[in-house]
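Hi,

Here is the structure I promised to pass on.

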Amino acid sequence: MIKHYRPSFAFAALFVLCISLPVYAACDDAGSFIESSCKTLSDTWTEGDNDLYLPLHTYHLRSAYSDEKIDSFNESPWGLGYGRSRYNEKGNWDGIYGMAFLDSHSRVEPMLGYGHEWMWGDQHALHAGLGYTVFVTARKDIGNYTPLPGILPIASVNYKQAAVNATFVPGGKGNGNIFFFWSRFGF
């Protein structure tokens with residue numbers, strides 16, 4: 001059952017506004033790192049292909065939780081997302097995405113972010129990647145949907161424009177320690 005939520009969409013609107021404007025022009029004199037980052041985001045948004053994101057599975061490490069707690073968790077993160085991505089001049093993947101899915105407590109969790117993966121193999125056949133994602137999310141159980149920034153590792157196995165991706169959310173006893181799997185389809 002999906003529970004009612006009141007998310008703040010201000011961060012979502014700001015993110016979409018920033019990436020849909022000619023970001024690079026606004027960052028010309030901001031310094032080499034910021035200028036390079038702005039160009040990457042702008043090029044990914046304007047030159048990238050469309051992507052459909054489908055959350056697949058959430059796995060809570062059994063050693064970090066009691067059996068009762070594991071039984072209470074939702075591990076089927078129904079949801080959907082949209083993004084734009086491209087392979088850059090070095091053959092590595094850059095993507096900008098927005099996704100919403102059911103969290104471990106069956107509440108909607110929105111997420112907006114950027115991902116980068118260093119790729120190995122032929123991008124027109126079977127290939128794999130390792131990288132990171134920088135994102136903003138919001139959860140009911142943490143700050144009642146207050147936007148939360150984060151950075152996590154990502155890995156993928158890809159075939160042409162389809163990918164299965166994974167990340168690991170670290171934590172302690174009774175929190176975190178979660179593998180999250182999703183798919184991405186380019187069109």
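K160 sits in the loop between β6 and β7 (162-169), where helices (H or I, at least four residues) and strands (E, at least two) are DSSP runs numbered from the N terminus. Its phi is near 55 degrees, a positive value in a residue other than glycine. Most residues other than glycine have a negative phi.

Before you read on, some housekeeping. This is a predicted model, so local features need pLDDT of at least 70 and side-chain atom pairs count only at pLDDT 80 or more, while totals for chains, interfaces and linings use all residues. Residues are numbered from 1 along each chain as its sequence is written, and side-chain values use heavy atoms, with hydrogens and water left out.

On confidence: the mean pLDDT (the predictor's confidence in each residue, from 0 to 100) is 87, and 83% of the residues reach 70 or more. Two stretches to treat with care are residues 1-10, where pLDDT stays under 50, and residues 19-24, where pLDDT also stays under 50. The model has 14 contacts beyond four places in sequence for residues 1-10 and ten for residues 19-24, a contact being heavy atoms within 4.5 Å.

Now the overall layout. The protein has four helices and eight strands, in the order α-α-α-β-α-β-β-β-β-β-β-β. Of its 187 residues, 41% count as buried. Among contacts with a separation of 6 or more, 54% are between residues 24 or more positions apart.

Helix α3 (residues 32-47) has 16 residues and reaches 21 Å from first C-alpha to last, close to the 22 Å expected at 1.5 Å a residue (the expected span is 1.5 Å times one less than the number of residues). C38, S42, D43 and T44 are buried in α3.

On to the strands, which pair if DSSP finds at least two bridges between them. β1 (residues 49-60) and β2 (residues 79-87) run antiparallel and are joined by five bridges, with L52 standing opposite Y82 in β2. β2 also pairs with β3 (residues 93-102), in the antiparallel sense over nine bridges; here Y87 has W93 in β3 as its bridge partner. β2 and β3 form a hairpin with five residues between them, and G91 in the turn has a positive phi of about 85 degrees.

S106 is another one to check: this residue has a positive phi of about 65 degrees although it is not a glycine. S106 lies in the loop between β3 and β4 (108-121) and is buried, at 18% relative accessible area.

Finally, two residues of β6. S156 is found in β6 (residues 148-159) and is buried, with a relative accessible area of 4%. Its side chain makes a polar contact of 2.9 Å with that of N158 (a pair of N or O atoms within 3.5 Å; within protein, one must be able to donate a hydrogen and the other to accept it, and residues adjacent in sequence count only if both atoms are side-chain atoms). L152, also in β6, is buried at 14%, and its C-alpha is 5.5 Å from that of T133, 19 residues apart along the chain.

Cheers

Note on methods:
Buried < 20%, exposed > 50% of the residue type's maximum accessible area, 1.4 Å probe, protein only.
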